[in-house]
2 protein chains.
Amino acid sequence: MLTFWFEFASTYSCLSALRIEALAQKSGIKVRWRPFLLGPIFKAQGMETSPFNLYPLKGSYMWRDMERQFAQMGLPSLTVPEAFPQHGLLAARIATLGMREEWGKDFTRDVYRAQFMNGKNIGDSTTLAAVLTGLKLNPTAIIESARSDASIKAELRLATEQAQALGIFGAPSFTASDGELFWGNDRLDAAIAWQIRINAKQS
Amino acid sequence: MLTFWFEFASTYSCLSALRIEALAQKSGIKVRWRPFLLGPIFKAQGMETSPFNLYPLKGSYMWRDMERQFAQMGLPSLTVPEAFPQHGLLAARIATLGMREEWGKDFTRDVYRAQFMNGKNIGDSTTLAAVLTGLKLNPTAIIESARSDASIKAELRLATEQAQALGIFGAPSFTASDGELFWGNDRLDAAIAWQIRINAKQS
């Protein structure tokens, strides 16, 4: 099993979220989706915000590169959100709940679409409620759980701690079942190939 | 014509240097190799050393990723140099001279091999002399020119200024003839594809 570590504010995590399942299914690999928070991980490295803000040249290149990646994947046009990075805590808590049930992956993909195709603010609960409604779920109950359920908070905190323990420093990241770490959407194919080799040895 | 911007201390520039000509020839694309210095460009972004040193988690991941990239390219084992980043000024000046003549690309590739396969210090002129000797060139005369020829110094300074003017913030970078910028060895194929499309429109 490959683990897909994603942060909702992360642009390149969006690309991986939109393509990982098709790749995994083609390869016969199972993927565990794990939302986590980059904020504490950036802070531990001495960064108070995204490297794309700390290094503006890199930031403006990233948006251009994202445009090209969207075009290459045949996606609708990229919309640069008004604020970046966005506040992904509530979305991450909802996704943590959704991964226990059946709708976590659809929710995640739709939140990324809302953010980077429709320019919505995913830190705003009305955006998340609209995504949940679009999936025919009950936004009021789910958002209430995400805000108050201690087990969800603990699970998300644990995910962030486990990411850090695995040496993860950015998103998206992928870890194979032997702990091998791959960083970035550009390494998704390599991560899948690595997991295939592990599975082949074990079978 | 695609421009390949490289810095001698840069690990991922090594990967591009070792594969760009085969890719370009297969695609019928001409490549101009331009050595430049990342130091002033990092400084202008507020970084006093490589991001791989500023962010050690990213640094240790990079070496592991380089090992995997070497294996994937069928190269001999990666040797992590004792000091990183190395002082690439003299090598860049020699390469600037070599690009005016016939031996600049061979010199560049052999300096990367010395650094990342044989663990040599490329800031040491004896390493560079050995590379030049291996290419059946006169190391004494070439190193003397590289150290004293004002036109070489000016050309390298201009390359670094032009890189900065193009928005380059890291290495390797590739710029197409319309100014489109691609960053990183992972974007080499995309850069070539972009240049092919430009050439097709013009023909």
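The model is predicted: local features need pLDDT of at least 70 and side-chain atom pairs count only at pLDDT 80 or more, whereas totals for chains, interfaces and linings use all residues. Residues are numbered from 1 along each chain as its sequence is written, chains are lettered from A and ligands numbered from 1 in the order in which they are written, and side-chain values use heavy atoms, without hydrogens and water.

Two copies of a chain are related by a rotation about an axis and a shift along it. The same surface serves both copies, since 100% of the contact residues of chain B recur in chain A (contact means heavy atoms within 4.5 Å).

Helices (H or I, at least four residues) and strands (E, at least two) are DSSP runs numbered from the N terminus, and two strands pair if DSSP finds at least two bridges between them. In chain B, four strands form an open sheet of mixed pairing in the order E2-E1-E3-E4. Its edge strands, each pairing on one side only, are E2 (31-35) and E4 (181-183) of chain B. Strand E1 (residues 2-6) of chain B pairs with E2(B) in the parallel sense over five bridges, and Trp5(B) has Arg34(B) as its bridge partner in E2(B).

| Helix | Strands touched | Angle to E2 of its chain |
|---|---|---|
| H9(B), residues 150-165 | E1 and E2 of chain B | about 105° |
| H6(A), residues 104-116 | E1 and E2 of chain A | about 55° |

Helices H5 (residues 89-100) and H7 (residues 125-134) of chain B pack at about 30°, with their axes 10 Å apart. H5(B) and H7(B) are therefore roughly parallel (angles under 35 degrees). Leu90(B), Ala91(B) and Ile94(B) of H5(B) meet Ser125(B), Leu128(B) and Leu132(B) of H7(B).

How values were computed
Axes are lines fitted to C-alpha atoms, for helices over the stretch in contact, and angles run from 0 to 180 degrees between N-to-C directions. Angles under 35 degrees count as roughly parallel, over 145 as roughly antiparallel, 65 to 115 as roughly perpendicular and the rest as oblique.
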